[in-house]
Amino acid sequence: MIRFLVKGLLRDRSRSLFPLLTVAIGVSLVVLMDNYLRGATDAMFQATANFVCGHLRVTTRAYARAGADATNELALLGLDEVTAGLRRDFPDVTWTPRIRFGGLIDVPDSAGMTRVQSPAAGLAVDLSEGSPELKILRLAKSLAAGRLPSAPGEVLLSDDFARRLGVGPGDKVTLISSTMNGSMAVQNFILSGTVRFGVSAMDRGALLADIGDAQQALDMGDAAGEVLGFLPGEGYDDRPATRLAAQYNAAHPGGDEFAPEMATMRTASGLGSMFDLMGAASALILAVFVTAMGIVLWNAGLMGSLRRYGEIGIRLAIGEDKGAVYRSLLAEAFLVGLAGSAIGTVIGLGISYYLQEVGLNISGMIPNATVVIDDVLRARIAPGSIFIGFLPGLLATFVGAAISGLGVLKRQTAVLAKEFSG
Amino acid sequence: MNAIGGIVLLLLGADLPDGSAVLANLDANSGSTNKIVVSEMTIHGRRESRTIGAKSWIQGESQSFTEYLSPPREAGTKMLKLGDELWTYSPSSDRIIKISGHMLRQSVMGSDLSYDDMMEDRKLGDVYDAEVTGEDSVLERPCWVLTLTASVPDVAYYSREIWVDQTRHIVLKENRYGKSGKLLKTAEVLETKHLSGRWVATRAVFKDALKSGDGTEFSIESIEFDAEIPDYIFSKAALKE
């Protein structure tokens with residue numbers, strides 16, 4: 001029976017090709033949309049992770065409570081021990097210490113007196129060769145002039161900031177900041193290069209220093225404000241992050257306000273409600289899209305059955321049982337839905353995989369972007385991607401055929417001759 | 001002043017002195033002459049306490065030069081105040097930097113005092129209107145309680161509440177407020193001494209109300225009034241010496 005139906009479908013292209021194409025295109029679009037929305041959300045949050053809080057963040061409890069007002073007085077001490085413990089207990093996570101500091105950049109004139117001064121937002125990371133920060137902050141790609149720091153005492157400034165100060169690679173700048181004890185810290189640096197992050201907050205007035213230099217300048221030997229953790233893979237996944245944070249915090253109970261504490265990106269970034277909102281918005285967009293595609297596919301099923309009104313009439317007229325005709329319609333719809341959904345899923349996953357691994361570079365379309373955005377569009381395939389289009393594709397085609405096929409049962413054999421004579 | 005004291009004072013119709021007169025006496029007592037002060041500042045931070053030693057040369061109301069003596073990381077750092085301008089010299093960078101703008105609101109060496117506090121040199125009577133609001137006792141000394149309200153716009157604190165010793169004419173306690181009425185800073189004198197014919201607060205605790213920690217204890221180790229101070233001290237060249 002199945003073989004007979006398959007043969008019929010293959011030989012009569014009008015019965016199979018159009019419905020198959022409709023189902024395949026619809027399903028592939030649903031799969032692609034699902035993966036693209038996931039990828040776009042990932043990209044948005046990844047920029048926050050890279051520049052702000054990582055996927056996981058270890059700080060002192062007091063530093064975490066202080067939020068945006070946290071100062072380095074509340075920094076983690078015994079950094080080497082904390083980092084070694086993290087690398088030992090969570091080897092799959094990339095751990096990297098950072099220090100954030102505010103201050104002024106003072107540019108001297110030829111007499112050594114202040115020529116120009118401007119507030120700066122400082123970020124100190126490991127800039128040594130092979131450091132994961134080079135990739136996380138995309139430093140080589142962001143370099144606008146000069147080179148990355150290669151010797152102690154060298155720093156990077158954001159390109160706009162350097163222009164405003166009238167300095168370039170090779171010039172001397174002085175950082176005026178506070179040590180972790182609150183004393184004034186004054187330190188000379190050589191500007192090795194300038195960077196353009198494409199993040200307005202950083203491009204306005206950022207200073208990027210090696211963490212060793214910052215520790216020395218800010219009197220923070222073996223201390224850092226935070227240790228960031230990046231989960232393997234590209235995106236942030238709240239479930240494993242929450243599990244790791246709970247595991248770490250359970251292993252470090254008690255202690256005072258300066259004891260280490262691990263937080264997930266969801267809590268550390270203060271974007272918890274944004275995560276929920278983005279999740280709900282993505283689900284809503286996807287639901288609308290799946291429903292629309294379901295209606296299209298259902299309509300295709302209806303059209304297919306109605307188009308075969310005459311053929312079904314003849315089959316009934318020559319004595320074929322109504323139930324058998326209905327069942328064959330359903331079986332055909334099932335086969336078309338199955339094949340179309342499978343093809344659509346494969347195509348959707350294929351394009352999604354390309355976007356996930358290679359991406360689509362749109363940097364030419366956003367040359368002056370000032371928001372936290374990745375200039376490569378990416379998708380992310382999740383286990384659910386296999387079913388997100390497949391099931392609606394199969395069901396909509398089947399249900400469409402089932403409803404339209406009900407007409408078969410209502411037709412009276414006695415009036416068929418009259419129908420055909422007309 | 002406690003509430004009962006205030007009510008009794010009100011019922012008895014006791015005469016309170018004129019605020020301007022109390023302020024004038026206070027300003028006259030604290031009026032600066034040339035002096036050399038060796039002091040210690042113990043900053044009780046959230047994590048630990050640190051003590052910073054300094055020597056200051058002060059001339060009149062508007063010129064001062066301070067060299068930090070200890071701990072080693074701070075030793076050699078110098079500050080020069082000339083009128084309303086402030087420079088600092090850091091030996092590690094060998095740079096003379098002018099402190100201006102929002103930097104003036106920053107803490108000095110992590111203490112509860114800001115550069116603005118350090119820069120304050122005008123007599124209180126010149127920048128505040130004073131009203132005596134009652135009597136109280138601080139360090140077992142009878143004090144007038146004064147409420148000061150800024151009479152000029154360019155002051156760091158819009159209003160202050162000060163406790164002035166009725167006979168020694170020194171401030172023994174102080175609360176400083178912003179324009180919104182928010183308490184920003186407190187000061188409490190712990191010890192006074194009679195030196196060279198005037199009463200001087202030799203130990204006091206300053207507390208930034210917006211900061212955690214237990215405040216900054218400031219103590220005067222030695223003070224030399226009417227000292228001979230060479231003019232070159234108050235020059236930028238002296239910062240690098």
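Which residues does A:Leu207 touch, not counting residues up to four places away in sequence? They are A:Ile105, A:Ala120, A:Gly122, A:Val155, A:Leu157 and A:Leu175. The model is predicted. Chain A averages a pLDDT of 84, and 88% of the residues score at least 70.

**Confidence in chain A**
- Confidence is lowest in helix H16 (residues 416-421) of chain A, with a mean of 60.
- Strand S10 (residues 223-224) of chain A has the highest confidence, at 96.

**Nonpolar cores**
- The largest nonpolar core has 114 residues.
- A:Leu207, A:Ala214, B:Leu146 and B:Val164 have the most contacts inside this core.
- Strand S8 (residues 184-195) of chain A gives the most to this core, with 6 residues.
- A second, separate core holds 28 residues, including A:Val23, A:Leu349, A:Phe398 and A:Ala401.
- As background, nonpolar side chains tend to be buried together in soluble globular proteins.

**Helix H10 of chain A**
- Helix H10 of chain A covers residues 238-251. At 1.5 Å a residue, its 14 residues should span 20 Å. The end C-alpha atoms are 20 Å apart, which agrees.
- The buried residues of H10(A) are A:Ala241, A:Leu244, A:Ala245 and A:Tyr248. Seen down the axis of H10(A), they fall within an arc of 100°, so they line one face of the helix.
- An α-helix has 3.6 residues a turn, so residues three or four places apart point the same way.
- The face of H10(A) turned away from the buried side carries the exposed residues A:Arg239, A:Arg243, A:Ala246, A:Gln247 and A:Ala250.
- Strand S1 (56-60), strand S12 (260-264) and helix H11 (265-268) of chain A are among the elements that cover the buried residues of H10(A).

**Chain B overall**
- Chain B contains 5 helices and 13 strands.
- For 241 residues, a compact globule would have a radius of gyration near 18 Å. Chain B has 19 Å, which agrees.
- The C-alpha trace of chain B spans about 65 × 40 × 35 Å along its principal axes.
- Buried residues make up 31% of the 241 residues in chain B.
- Take the contacts in chain B between residues at least 6 apart in sequence: 44% of them join residues at least 24 apart.

**Where chain B meets chain A**
- In this interface, 18 residues of chain B are in contact with 19 residues of chain A.
- Strand S5 (85-90) and strand S6 (95-99) of chain B each supply at least two residues of the side that touches chain A.
- S6(B) gives the most to that side, with 4 residues.

**Backbone points to check in chain B**
- Most residues other than glycine have a negative phi, and most peptide bonds are trans.
- B:Ser70 and B:Pro71 are joined by a cis peptide bond, with omega about 0°. B:Pro71 sits in the loop between strand S3 (63-70) and strand S4 (78-82) of chain B.
- B:Leu139 is not a glycine, yet has a positive phi of about 55°. B:Leu139 is in the loop between strand S7 (128-138) and strand S8 (141-150) of chain B. B:Leu139 counts as partly exposed because it has 15 C-beta neighbours inside 10 Å.
- B:Ser196 also has a positive phi, near 50°. B:Ser196 lies in the loop between strand S11 (183-195) and strand S12 (198-208) of chain B. B:Ser196 counts as exposed because it has 11 C-beta neighbours inside 10 Å.

Key:
Residues numbered from 1 in each chain as written. Chains lettered and ligands numbered in written order. Predicted model: local features only at pLDDT ≥ 70, side-chain atom pairs only at ≥ 80, totals over all residues. Expected span 1.5 Å × (residues − 1). Buried ≥ 20, exposed ≤ 12 C-beta atoms within 10 Å, placed from the backbone. Arc of directions from axis to C-beta. Contact = placed C-beta atoms within 7 Å. pLDDT = per-residue confidence, 0-100. Rg over C-alpha atoms; globule rule 2.2 N^0.38 Å. Core = buried A, V, L, I, M, F, W, Y, C linked by C-beta atoms within 7 Å.
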